[in-house]
Amino acid sequence: QEEKSFGAGDLAATLGYEILPDWDYNPWRPKGLAFLQLTAPTGRSVYEADAPYQLDARGRGFWALGLGTLLTKAWGRWDSFVNLETHRSFAKTYSNQASRGELRPGWGGNLSTGAGYNTESMRFGISLSWAYEDPIEVRGTASSQGSSERYATASLSGSYMFSDEWAGT
């Protein structure tokens, strides 16, 4: 169909605080960060999409407030992390060419873990992430209960540090 779409997705602002400082002399205690995250619905959701194949849907489309923690630890050239996050999305009204009404999302969360190997200026890593979203109830011209979303993502990564201030991944 040669359809194209370009634009921003949802934006998030995150405020973090170091709750566990890194102790190099302890081989097991991780560095811990707690964070609060606010997501703004700057990306259109699939319910608001007007383009064929919903190509103009680039976000979840909900205001959301989240809370989480990130734990990291390094042992020489090796490092690892665990990230746990939960969030609550808030109801909103929607409208597209076919229907209009109210969307009622719920809770969601993410659990990620990974590890990496570091050289002087390179890092090679692997990670696995599990995500969950409650069903979205649609009330309006096309009402539905929806179903929950569950998925896992595996990632390989490579990073290069150009200087102490610049890196690319």
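**Pockets and a positive phi in the predicted model**

In the second largest pocket, β10 contributes the largest share of the lining, 3 residues. The structure is a predicted model, in which local features require pLDDT of at least 70 and side-chain atom pairs count only at pLDDT 80 or more, while totals for chains, interfaces and linings use all residues. Residues are numbered from 1 along each chain as its sequence is written, and side-chain values use heavy atoms, with hydrogens and water left out.

A pocket is an open set of points on a 1 Å grid over the protein atoms alone, where a 1.4 Å probe fits, with protein on both sides within 12 Å along at least five of seven lines; lining residues have an atom within 4 Å of a point. The second largest pocket holds about 200 Å³ of space. Two or more of its lining residues come from each of β8 (122–133) and β10 (149–161). Its lining includes Arg 77, Glu 120 and Tyr 160, and divides into 4 nonpolar, 5 polar and 3 charged residues.

The volume of the largest pocket is about 260 Å³. Of its 16 lining residues, Asp 10, Thr 39, Arg 60, Ala 64 and His 87 are the closest to the centre. At least two lining residues are supplied by each of β1 (11–20), β2 (31–40), β3 (64–75) and β4 (78–89).

Gln 54 lies in the loop between β2 and β3. Although not a glycine, Gln 54 has a positive phi of about 55°. Most residues other than glycine have a negative phi. Gln 54 counts as partly exposed because its relative accessibility is 42%, between the limits for buried (under 20%) and exposed (over 50%), with a 1.4 Å probe and protein chains only.

Note on methods:
Grid points are joined across faces, edges and corners, and a volume is the space filled by probe spheres set on the points. Helices (H or I, at least four residues) and strands (E, at least two) are DSSP runs, numbered from the N terminus. Ala, Val, Leu, Ile, Met, Phe, Trp, Tyr, Cys and Pro count as nonpolar, Asp, Glu, Lys and Arg as charged, and the others, Gly among them, as polar.
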